[in-house]
Structure formats: structure tokens, C-alpha cells
Amino acid sequence: MYKNFNQFESKTMNAYLLLFAAIICEVIATSSLKLSNGFTNLTFSIITIVGYSASFYILSLALKTIPVGIAYAIWSGIGIIIISLIAWIFLKQSLDLAALIGMGFIIFGVVIINLFSNISGH
């Protein structure tokens, strides 16, 4: 399947780059969903639909290499954190101590999966 370790490492790195791109598309789509005002704002409605479509397509490419459970854990964890930060900074939504602690646990969980799990794809 792989001629050498570098080929495996390159394919894995590309899959994680695809996953990151899918997360960014999803974050843009989710942020636009809020701004679409129930799909009454055409511009943000289109950005939402295109963003989610691109996100799922790119995620499907990443899933050729990354196990679905690992990819979804990373996708949801990083997505929650980025969306929460965008809502806090740009939409002036507050984050209390419990939310911040919970996000810290999410970050910690994603790090544990990527560093110590044997099924994480590396």
C-alpha cells in the first residue's frame, strides 16, 4: 500500500489538512447561518449552503485516511471552540467559566486522541 513511511506520513498529513479545511468551511457556514436570519438574508444563506456543502465534501476526502470517530471528534471539538470564540468576539455572546473549562476539556481530549490513540491514523 505504501512504499515507505514518508509516503504514509505525507498521506496522513494531507488528510489532516483536508480535515482542517473542512472545519474552516463548516465554521464559515455556521457563522453565516446565524447571519442568514432564518434564511431570509440571501447572501448569508448562499454562503451557508456552499460552506456546508464544501465542508462535507472535503470531510469525505479526509475520511479516506482518518478513522471516522477520530475525524468527528476533532471536527466537533475544534469547531465548537472556533465557533464559540467567533460568537464571543464578533457577536458579543458571553462565555462563562463553565463554558471555558468545558472548552479546555475539549482541547485536552483532542490532544490526547492525537498524541496517544493507536487508531488516530498516525
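Residues are numbered from 1 along each chain as its sequence is written, and side-chain values use heavy atoms, with hydrogens and water left out. In this predicted model, local features need pLDDT of at least 70 and side-chain atom pairs count only at pLDDT 80 or more, while totals for chains, interfaces and linings use all residues.

The mean pLDDT of the protein chain is 88. Here pLDDT is the predictor's confidence in each residue, from 0 to 100. A value of 70 or more is reached by 90% of the residues. Helix 2 has the highest mean pLDDT, 98. Helix 4, residues 97-116, has the lowest, 86.

The secondary structure consists of four helices and zero strands. Helices (H or I, at least four residues) and strands (E, at least two) are DSSP runs, numbered from the N terminus. Along the sequence the pattern reads α-α-α-α. The C-alpha atoms fill a box of roughly 50 × 35 × 20 Å, taken along the principal axes. Contacts, defined as heavy atoms within 4.5 Å, were sorted by sequence separation. Of those with a separation of 6 or more, 65% join residues 24 or more positions apart.

The protein chain has 122 residues, and 29% of them count as buried. Buried means under 20% relative accessible area, exposed over 50%, and partly exposed in between (1.4 Å probe, protein chains only). The chain exposes about 7,900 Å². Carbon and sulfur atoms supply 73% of that area. Accessible areas come from the Shrake-Rupley method with a 1.4 Å probe; for residues, only the protein chains shown count as cover.

In soluble globular proteins, nonpolar side chains tend to be buried together. The largest nonpolar core in this model holds 16 residues. A nonpolar core is a set of buried Ala, Val, Leu, Ile, Met, Phe, Trp, Tyr and Cys residues joined through side-chain atoms within 4.5 Å. Y16, L19, I23, I66, I74 and W75 touch the most other members of the core. Two or more residues each come from helix 1 (5-35), helix 2 (42-62) and helix 3 (68-90). Helix 1 gives the most, with seven residues. I66 touches A15, Y16, L19 and A71, not counting residues up to four places away in sequence.

A22 is found in helix 1. A22 is buried because its relative accessible area is 0%. Leaving aside neighbours within four places in sequence, A22 is in contact with S55, I58, L59 and W75. The C-alpha atoms of A22 and L100 are separated by 24 Å, and these residues are 78 apart along the chain. L17 also lies in helix 1. L17, however, counts as exposed because its relative accessibility is 52%. The C-alpha atoms of L17 and T40 are 33 Å apart, across 23 residues of chain.

The loop between helix 1 and helix 2 includes N37 and F39. Each is a residue other than glycine with a positive phi: near 55° for N37 and near 60° for F39. N37 is exposed, with a relative accessible area of 56%. F39 is partly exposed, at 47%.

S84 is found in helix 3. S84 counts as buried because its relative accessibility is 18%. Leaving aside neighbours within four places in sequence, S84 is in contact with L95 and M103. F90 lies in helix 3 as well. F90 counts as exposed because its relative accessibility is 62%.

F90 is one of the residues of a nonpolar surface patch of about 580 Å². Helix 3 gives the most to the nonpolar patch, with four residues. Patches are made of residues with over 30% relative accessible area and no salt bridge; like charges are joined within 9 Å, nonpolar side chains (Val, Leu, Ile, Met, Phe, Trp, Tyr) within 5 Å. A salt bridge is a side-chain nitrogen of Lys or Arg within 4 Å of a carboxyl oxygen of Asp or Glu.
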